[in-house]
Amino acid sequence: MEKKQGFFTKLLVENPVFGLYLGICSSLAITTTLNNAIGMGVAVIFVLVFSNIFVSLVRNITPDDIHIPVYIVIIATLVTIVKMVIQAYAPSLYTALGAFIDLIVVNCIILGRAEAFASKNSVGASAMDGLMMGLSYTLSILAMSFIRQLLGTGCLSLSNPFNNATIFDIRLLPQGYEIPLFTGQTGAFLTFAVLAACIAAYKNHLDTLEKEETKKGATK
Amino acid sequence: MMKKDSALYKAVLLAIVCTVCGLLLSLVNGVTKPIIERNAIAAVEASLKEIYPDGTFKDVTEDYISQDETGLIDGIYEAEGKGYIFTLHNKGYGGDFKFMIGYNNDGTVAGYKGLEHLETPGKGALCFEGDYVEQVKALTSSDPLPLITGSTITSAAVNDAVSAAKAIFNNIAGISYDPNAEPEKPAEPEAVALSEEDLSDRKASCDGEVCTALGFGGAENKAKVVVKDGKVESFEPEETGDFGDGMGEEAYSELERYIGATLDTKIDNVSGATETSKSFRAMIKAALEGGTSANEEKEEEVKLTLADEDYSSYAKPSCTEESRDGQVAVYACSATGFGEKVNKATITVDDAKVSAFVAEQTGDYGDEVGDKAYTDENYANYVGATLESTIDHLSGATITSKSFRAMVSEALKAFGGPAAINEEGSSSEGKQATGLIAEDLSAHKASAEVESNDGVTAVVNCTALGFGDKENKAKVTIDLETKTVKAFEVEKTGDYGDEVGDGAYSDDNLAMYNGIGQTAELDNVSGASITSQSFRAMIQAAFAACGE
């Protein structure tokens, strides 16, 4: 139970988007539909996991002064591979995400984790870290997309990016009650702000709980 | 083992990392590139196949687009072994439009098709339809595109875009050409007399000497028009309305053509300023009519009865009686219609009333101007008419309507009484036959040439004018002993085929001529009076030629 809670807590609290405020550009820009969120999330997971693996592999042979160019080359290569694959096999996703696929290279999460974790830990741990961070990121942008698509268009829809087949498309708000504001940039900031505030509140709550625990422990 | 800190080590490491990454990239690229290319083409392939149905295409835009300075080219596709297709866009009258043009490797145009546009139908849209498309397809990569009158903006825009494509294609194919060749100025449509031209869409109106009308883009043009004695004395357009668009400026300086104009004058458009020219003509028309040109009906307030209306000066109708059966007569009539062309109609009169009116689709039919008059709906207007009726003319087909009324009037006059018939000079008094030898058939100008005469039988080749003054021919064999017609063989030429007189050519009807003498009384074949008369005329002439 503890472990599970810890897992979810980690996801929520050490959330790169709402907790560490990394990779905000893409989360604001592309989170208009669920499809985009899932597509981007998978791309980021792939890049994160493999960049962490490769960085971890070369961490011992890379001298400090050139570690940034080396990491960037690795990340850029991976992103380019992802881009080519998406362009070939899921062209509709490619058009939807557009330039933001290329911008994964400069997504702070990737280089951030490479610096902070992968350069100091084993390959296995790095891979795991990459996966966790990636999942966390994906969940965050899924949450944003969910809210923005629901409020902005009144529908929730998902389609297979490889062949454009609709998986589901349901209207939850009656026609005319949607708030198009949420599909635009203003809505993005608003949603982000609210979600960030919620996470911050939860974090504070956890901190308070912890303090009480240590207090209790101290008095014991 | 190199020292980790040495520059060499760092350089080598970087080189290795880059190489490995490069290899990985080229590997993935190799796999995905063909798929990506195929996808890119798939979107346009359907359109490309309309030009080269069996072609395999390659998107070569990247290779050549840098040569294009105009920015009008969207895509360049190579149809392997056949030619190149360019997808282009430009701004037309209604907004952006997209189209594609394909060139074969030898320079001829392989295809031309509009992909999307918002142009006005009948104007800008003509650039992507029918005749214009065929015209473009007949060109080569060296020729400029023709302009279309009335859609100058759009056709010029198309021309500019195609010029960009030509520049690149001729470069690829190595064809030399003159990039500054001027496109042909379009042939202006033949001008129409002001009274006939339908300018009601211009909503022209005059308040004293100041007239307004809608010009280019719906802008209201104003002009001062002074009319004296039914002629335009002066025409001064204000420099407002559509002036200043850069399009119709010439029209504001080419004003001589309006001076002295009357309602019958034909005024040409100023090339490249069609809309403005039309608005000017509309204002002049309104001024000359002394009201609004939108209400043509006002002009003809006083309608004359068919008996009173004077047709002698223009329509000049004439009718010949085709058949008469008691109270019902059928007349083949003709009258001058629009543009001096002769209209024809078949009119059935029953008891001094028109019971049927059908006009032939000849004469001024086909001009589009008066074609509305040639509908069954319009013909119904004439049914039931008598000499005391007044029949409305059809708006926009004034002259044609007049020609129809003229024919009806003439037919009714011909019907009413024997006196009227004689006026026509028709040589047949109804269907009653007269003795052949006594019949006056001189109108048919029959001639006879004896082919052979052996004292017993004579064979005579005869001609005579039949229906519509067409020359009928027949071979008449005469038995000289009994002085009767042994055989009458008529050629199926002359007025045969008109359907009107063909009944006379049937074997049954031709049989009536066998064995007849010079005093025979022959009937007209019903519905083929004139043809029958021509036959009798030939037989008369044959007898005469045999010296009887």
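Guide: Welcome! Helix axes here are lines fitted to C-alpha atoms over the stretch in contact, with angles running from 0 to 180 degrees between N-to-C directions. Helices (H or I, at least four residues) and strands (E, at least two) are DSSP runs, numbered from the N terminus. The model is predicted, so local features need pLDDT of at least 70 and side-chain atom pairs pLDDT 80 or more, while totals for chains, interfaces and linings use all residues. Residues are numbered from 1 along each chain as its sequence is written, and chains are lettered from A and ligands numbered from 1 in the order in which they are written.

Visitor: What makes H4(A) roughly parallel to H1(B)?

Guide: The axes of helix H4 (residues 67–89) of chain A and helix H1 (residues 7–48) of chain B cross at roughly 5 degrees and come within 9 Å. Angles under 35 degrees count as roughly parallel, over 145 as roughly antiparallel, 65 to 115 as roughly perpendicular and the rest as oblique. The pair is therefore called roughly parallel.

Visitor: Which residues make the contact of these two helices?

Guide: Among them are A:Val73, A:Ile74 and A:Thr77 of H4(A), with B:Leu14, B:Val17 and B:Cys18 of H1(B). Contact here requires C-beta atoms, placed from the backbone, within 7 Å.

Visitor: How do the residues of this contact divide into nonpolar, polar and charged?

Guide: There are 17 nonpolar, five polar and no charged residues. Ala, Val, Leu, Ile, Met, Phe, Trp, Tyr, Cys and Pro count as nonpolar, Asp, Glu, Lys and Arg as charged, and the others, Gly among them, as polar.

Visitor: How many residues of chain B are in contact with chain A?

Guide: 16 residues of chain B are in contact with 16 residues of chain A. On the chain B side, ten are nonpolar, three polar and three charged.

Visitor: Why does A:Val44 count as buried?

Guide: A residue is buried if 20 or more other C-beta atoms lie within 10 Å of its own, exposed if 12 or fewer, and partly exposed in between. A:Val44 has 27 such neighbours, so A:Val44 is buried. This residue lies in helix H3 (residues 34–58) of chain A, and its contacts beyond four places in sequence are A:Ile104, A:Asn107, A:Gly134 and A:Tyr137.

Visitor: Why does B:Ala352 count as partly exposed?

Guide: B:Ala352 has 14 C-beta neighbours inside 10 Å, so B:Ala352 falls in the partly exposed class. B:Ala352 sits in the loop between strand S12 (342–350) and strand S13 (353–359) of chain B, with a positive phi near 65 degrees.
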